[in-house]
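Please look over the sequence and the model below before reading on.

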Amino acid sequence: MELIQNGGKQIKVWTDIAGIEPEALQQLYRMSRLPFIHDHIAVMPDVHVGKGATVGSVIATKGAIIPAAVGVDIGCFSGDTLITVIDGKNYKIKDLADRGEEIIIFACNKDNKIVAAKANAKLTRKSAKLIRVTLDNDEQINCTPDHKFMLRDGTYIEAELLSEGQSLMPFYSKKDKEGYTLIKQPYSGSWQRAHWVVARSGLLGDIKSFPDQKTVIHHKNFCESDNRPENLELMGDKDHSSYHRKLVERNTYWQSEDFERRRIEAIKIKSKLPERHAQLVKVGTENILSYMKNNPVHFKEAVKDNGKRGKQYLIEYNQSEKGKEKSKEIANRIYTCEVCEEKIKSPIGLHNHKKKNHAFNHKVKNIIHLDQVEDVYCLTVPEYNNFALSAGVFVHNCGMLASKTNLKASDLPDSLINLRNGIEQAVPVGRSYHDHDRFGKNLDYNQLSVYQELGNMVLNRSLKQIGTLGGGNHFIEICLDEINNVWIMLHS
């Protein structure tokens, strides 16, 4: 054990001081100068920079309770990381944090089913070191090395421990020909409309049934991709159709031939002006390209007969010697897959190769450490503890330092001895554990690779340790904040 004196309380170190990162030392120095430190700060061998205080340190206080007195690792993302929100748009995580509003995002539950969940974004660290994770769809994610990614089996691993080719839990979304957002469910592989994901997540309340009608969901602002709960309304399909018919009847003039004739005549007159003509060409090109991209099925249907005039010419060419030679040459061309650089014969072969090997953007391409630091952000998703990145994968949400209850200080008894005894009876401490695997008996540990390497004795003991506090500097505290709200704080 070595001592550090730095103008404050003593810092007792149970590791090699030379091996402690400079940022962690500075954090320890600052903590040692706080007026309410009781006697000293203890530093363990796993010491490193943390959120609020240094991870691997024990800080005893006198006359004060500090909710962040135990350092916490919170893995986070650079501010430009995009998050898919339920309104159909992608937002930078920094912008979401600056807004400070509750948002609804996509999360993955324990059954590998995508749900809609409430979340809050916040700044979690300043000047954090970053690494870059590149996926096989070439999306790049800049995050702290300790941020956890969800693997394809639902478990988590820190970003810096990811390996090339490792499969992550995928998040896919697209729009159908009617403009509705579709979400691909990992547990089944089926596509589901996002507004029904919202409804089945309980955000619209109970799903109503309507006599002799099929239940549908109406978008109040007629934007099919805006799936905010306040924009959705459960209706019977017949009532829904009737509602839309009334809207059309109420606006018959805007659908009339007279209105369309007048509109086209006005455009023709304006288009004769050079600057207006250039503007119309620009807008028209953008609209056509957007239509082709967002409505591929409808576009293909609309142009399917465009080749009829050249049909006979194509038949004659393909049957000629020149055409046959060209077809043979194309069929034997060698193409390079831009994802893995493998050489593939023929366009069809390349298509099939991509479909088989790169159809899912859930594999890690590479991980590199960046020579930069940035302020980083994360989401808190209380119910599911994970969220989807627009890049196409799911990640763990940031840690919670404490949990606020609905109690006030006045609700607590004068003596907390019974409360303490109750906690100690329910949650074993130190080397103690439960008499039976009350928490682990319903879990399938065969699905977790780490347990497959354990012997029966170790496995049985570990099942009984789930739900225990552990030893060392672990604790459960009942705390009060500055306005007498009761909090439960846990470090295990």
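What follows is a walk through this structure, beginning with the chain as a whole.

The model is predicted, and its protein chain contains 13 helices and 25 strands. Of the 492 residues in the chain, 34% are buried, while the accessible surface of the chain comes to about 30500 Å², with 51% of that area belonging to carbon and sulfur atoms. Among contacts in the chain with a separation of 6 or more, 53% are made by residues 24 or more positions apart.

We turn next to the interior. In soluble globular proteins, nonpolar side chains tend to be buried together. In this model the largest nonpolar core has 41 residues, and the members that touch the most other members are Ile105, Val133, Phe149, Leu379, Phe387 and Leu389. Two or more residues of this core come from each of α2 (93–99), β8 (103–108), β9 (114–135), β10 (140–143) and β20 (364–380), and it is β9 that gives the most, with nine residues.

From the cores we pass to the charged side chains. Side chains of opposite charge can pair when their charged atoms come close. The structure holds twelve salt bridges, and one of them joins the side chains of Lys94 and Asp98, with an N to O distance of 2.8 Å. Both Lys94 and Asp98 belong to helix α2, where they lie four residues apart, about one turn of the helix. Lys94 counts as partly exposed because its relative accessibility is 35%, whereas Asp98, with a relative accessible area of 52%, is exposed, the cut-off for exposed being over 50%. The side chains of Arg99 and Glu101 also meet in a salt bridge, at 3.6 Å from N to O. Here Arg99 is partly exposed, at a relative accessible area of 40%, and Glu101 is likewise partly exposed, at 44%.

Where in the chain do the partners Arg193 and Glu178 lie? Arg193 is in strand β15 (residues 191–193) and Glu178 is in the loop between β13 (173–175) and β14 (181–184), so that the pair, 15 residues apart, links distant parts of the chain. The closest N and O atoms of this salt bridge are 3.6 Å apart. Arg193 has a relative accessible area of 28% and is partly exposed, as is Glu178, at 47% relative accessibility. Together with Asp176, Glu178 and Arg193 are linked in a network of salt bridges.

The strand that carries Arg193 leads on to a sheet. β13, β14 and β15 form an open sheet of three strands, in the order β13-β14-β15 and with antiparallel pairing. Because β13 and β15 stand at the edges, each with a single partner strand, one side of each is left without a neighbour in the sheet. On average, and with direction ignored, neighbouring strands of this sheet are turned by 35° against each other. The antiparallel pairing of β14 and β15 extends over three bridges, and Arg193 in β15 is the bridge partner of Leu182.

Methods
Residues are numbered from 1 along each chain as its sequence is written. This is a predicted model: local features need pLDDT of at least 70, side-chain atom pairs count only at pLDDT 80 or more; totals for chains, interfaces and linings use all residues. Side-chain values use heavy atoms; hydrogens and water are left out. A nonpolar core is a set of buried Ala, Val, Leu, Ile, Met, Phe, Trp, Tyr and Cys residues joined through side-chain atoms within 4.5 Å. Buried means under 20% relative accessible area, exposed over 50%, partly exposed in between (1.4 Å probe, protein chains only). A salt bridge is a side-chain nitrogen of Lys or Arg within 4 Å of a carboxyl oxygen of Asp or Glu. Two strands pair if DSSP finds at least two bridges between them. Axes are lines fitted to C-alpha atoms, for helices over the stretch in contact, and angles run from 0 to 180 degrees between N-to-C directions. Contact means heavy atoms within 4.5 Å. Accessible areas come from the Shrake-Rupley method with a 1.4 Å probe; for residues, only the protein chains shown count as cover.
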